[in-house]
Amino acid sequence: MNEASASSPDAEEKKTTTVFVAGSTGRTGKLVVEKLLAKGFGVVAGTTDVSRARGSLPQDPNLQLVRADVTEGVDKLVEAVRGVDAVVCATGFRRSFDPFAPWKVDNFGTVNLVEACRKAGVARFVLVSSILVNGAAMGQLLNPAYIVLNLLGLTLVAKLQAENHIRKSGIDYTIVRPGGLTDQPPTGNIVMEPEDTLYSGSISRSQVAEVAVEALVCPESSYKVVEIIARTDAPNRSLKDMYAAIKQN
């Protein structure tokens, strides 16, 4: 994996050169990998199935595939993330008959990854979470989206627990909470708000990946929780400006 060339236009701004992506074969994680490679990052793609990843991810000399399962504990993950500059976590549980799957992946799995970063000396962590994770505190207990997502093994509660762990970990974090995810191309401009603000709306996975990757080259994103959706009537603003406008509590 090659570091960014000193002649690259954003080489001075880009301090992160190699990124581990958890959930790299998922619908959002795959887009994160593609956008990182397009920006010249070296990528270590963590996957539970290397053969599947080889068939679905780009063939690129700056891409390395490693087997990594966030549910298998910290020690194995330490070896997977050792030597990278940052981690983007885009994992999500797959629907199954296991009622504890959301907790194993979205809570314990993310916590395992954070602890692996601490042990391996990885100081930057970007998490893709969800709006409404703190819906109870927002007065959104009867919001249909909050009800449905929590029927699937208390998914939002699991994500909130993981967020809380990250925020107490000492790692430089950015938590990105998107609205409902769509696989279609973007149909509007990104709206970014502070935590516990948005309770409806949707956004393209491509835009979510863009926001997550931008966090790695945008100092204004550090130690912030942001919520994002897309709206056709929203102005087209730079992500750097939007990150800078977020005042973290």
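**Reading helix α1 and the sheet**

Biologist: Which elements cover the buried residues of α1?

Modeller: Contact means heavy atoms within 4.5 Å, and buried means under 20% relative accessible area with a 1.4 Å probe, protein chains only. Here the cover includes β1, β2 (42-47), β3, β4, β7 (180-182) and α7. This is a predicted model, in which local features need pLDDT of at least 70 and side-chain atom pairs count only at pLDDT 80 or more, while totals for chains, interfaces and linings use all residues. Residues are numbered from 1 along each chain as its sequence is written, and side-chain values use heavy atoms, leaving out hydrogens and water.

Biologist: Which residues of α1 are buried?

Modeller: Helices (H or I, at least four residues) and strands (E, at least two) are DSSP runs, numbered from the N terminus. In α1 the buried residues are Thr28, Gly29, Val32, Val33, Leu36 and Leu37. Gly40, with a positive phi near 90°, follows the helix.

Biologist: How is the order of strands in the sheet read?

Modeller: Two strands pair if DSSP finds at least two bridges between them. The open sheet has eight strands in mixed pairing, ordered β3-β2-β1-β4-β5-β6-β10-β8. Its edges, β3 (63-67) and β8 (189-194), each pair on one side only.

Biologist: Which strand pairs with β5 in the parallel sense?

Modeller: Strand β5 (residues 124-128) pairs in that sense with β6 (residues 172-178), over five bridges. Within this pairing, Val126 stands opposite Thr174 in β6.

Conventions: Buried means under 20% relative accessible area, exposed over 50%, partly exposed in between (1.4 Å probe, protein chains only).
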